[in-house]
Amino acid sequence: FQLALGRTPFEELQRLRIDLAIRLLLEPTIPIAEIARRCGYRQPTQFALAFRRVTGQTPTHYRRHRGQA
């Protein structure tokens with residue numbers, strides 16, 4: 001897996017989850033806790049930490065600024 005994609009299965013799963021979260025964050029009516037759940041995170045805090053680790057921003061900041069740092 002890592003030889004083919006250059007990342008571990010966990011890293012790929014996390015990338016897919018965050019990609020989905022980014023799309024969902026563009027919809028302002030979906031609460032962030034619901035986005036976390038839809039992306040496979042049991043706790044919004046786990047989601048926020050993973051999102052920040054990947055994007056450098058919190059989900060709230062990303063939503064407010066549409067990903068612009």
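I am working with a predicted model, in which local features need pLDDT of at least 70 and side-chain atom pairs count only at pLDDT 80 or more, while totals for chains, interfaces and linings use all residues. Residues are numbered from 1 along each chain as its sequence is written, and side-chain values use heavy atoms, with hydrogens and water left out.

I placed arginine 63 in helix H5, residues 59-65, helices being DSSP runs of H or I with at least four residues and strands runs of E with at least two, numbered from the N terminus. Arginine 63 is buried yet has no salt bridge, and the nearest side chain of opposite charge, that of glutamate 27, is 7.1 Å away. Here buried means under 20% relative accessible area, exposed over 50%, and partly exposed in between, with a 1.4 Å probe and protein chains only. For charge, Lys and Arg count as positive and Asp and Glu as negative, with His and the chain ends not counted, and a salt bridge is a side-chain nitrogen of Lys or Arg within 4 Å of a carboxyl oxygen of Asp or Glu.

I then listed what arginine 63 touches (heavy atoms within 4.5 Å): leaving aside residues up to four places away in sequence, these are Leu24, Leu25, Glu27, Pro28, Ile30, Ile32 and Ile35. One of them, proline 28, sits in the loop between helix H2 (9-25) and helix H3 (32-38). Its C-alpha is 7.7 Å from that of arginine 63, although the two are 35 residues apart in sequence. Proline 28 counts as exposed because its relative accessible area is 59%.

**Entry: salt bridges**

How many salt bridges does the rule give? The count comes to 5, and I followed several of them.

Glutamate 12 forms one with arginine 7, the closest N and O atoms being 2.4 Å apart, and another with arginine 15, at 2.7 Å. Glutamate 12 and arginine 15 are 3 residues apart in helix H2, so about one helical turn separates them. Glutamate 12 has a relative accessible area of 11% and is therefore buried, whereas arginine 7 is partly exposed at 25% and arginine 15 is partly exposed at 32%.

In helix H3, arginine 37 and glutamate 34 are also 3 residues apart, about one turn of the helix, and their side chains meet in a salt bridge of 2.6 Å, N to O. Arginine 37 is exposed, at 52% relative accessible area, while glutamate 34 is partly exposed at 22%. I also noted that salt bridges with shared partners join Arg7, Glu12, Arg15 and Asp19 into one network.

**Entry: the chain as a whole**

I counted 5 helices and 0 strands in the protein chain. Along its principal axes, the C-alpha trace spans about 40 × 25 × 20 Å. Of the 69 residues, 26% count as buried.
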